Amino acid sequence: MEKFTYALADGHVLELPKFEDIEVGVIRKIRKLGQVDQIFTLIEHYLDEGELERFDLMQRTELEKFAQAWQKGSSVAPGESSASSS
């Protein structure tokens, strides 16, 4: 499974699953949340405490770049499904 990686301003690299690789149980738990809450819930789920501390030091502009990069690095965005409906 290929991961999404993002280098923070301090050089530390965060590694998260691409949106299409997030487990169904996690998707089920966040399905009713708004997009911002979905992203933060996923970040809190996949990053450990040390990574969260570094993540929390981001400025808002870097957070926006991170979120855009994560979406671009994935085939689907939060709130979308990669499963086809028939």
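Select Arg54 to start: at 36% relative accessibility, Arg54 is partly exposed (buried is under 20% relative accessible area, exposed over 50%, partly exposed in between, with a 1.4 Å probe and protein chains only). This is a predicted model, in which local features need pLDDT of at least 70 and side-chain atom pairs count only at pLDDT 80 or more, while totals for chains, interfaces and linings use all residues. Residues are numbered from 1 along each chain as its sequence is written, and side-chain values use heavy atoms, with hydrogens and water left out.

Asp10 and Arg54 form a salt bridge, with 3.8 Å between the closest N and O atoms (a salt bridge is a side-chain nitrogen of Lys or Arg within 4 Å of a carboxyl oxygen of Asp or Glu). Asp10 sits in the loop between S1 and S2 and Arg54 in helix H3 (residues 49-55), so this pair ties together parts 44 residues apart in sequence. Helices (H or I, at least four residues) and strands (E, at least two) are DSSP runs, numbered from the N terminus. Asp10 is exposed, at 52% relative accessibility.

How many salt bridges does a search of the whole structure find? The search finds three.

Select Glu2 and Lys18 next. Their side chains meet in a salt bridge of 3.3 Å, N to O. This pair links distant parts of the chain, 16 residues apart: Glu2 is in the segment before strand S1 (3-7), and Lys18 is in the loop between strand S2 (13-17) and helix H1 (24-30). Glu2 is exposed at 55% relative accessibility, whereas Lys18 is buried, with a relative accessible area of 14%.

Move to Glu64 and Arg60. The closest N and O atoms of this salt bridge are 3.2 Å apart. Both residues lie in helix H4 (residues 60-72), four residues apart, or about one turn of the helix. Glu64 is partly exposed at 40% relative accessible area; Arg60 is exposed at 65%.

Stay on H4 and select the whole helix. Its 13 residues should span 18 Å at 1.5 Å a residue, and its end C-alpha atoms are 18 Å apart, which agrees; the expected span is 1.5 Å times one less than the number of residues.

Which residues of H4 are buried? They are Glu62, Phe66, Ala67 and Trp70. These residues cover an arc of only 140 degrees around the axis, so they are on the same side of H4 (the arc is that of the directions from the helix axis to the C-beta atoms). The buried residues of H4 pack against S1, S2, helix H2 (35-46) and H3, where contact means heavy atoms within 4.5 Å.

Finally, turn to the face of H4 directed away from its buried side, which carries the exposed residues Arg60, Thr61, Lys65 and Lys72.
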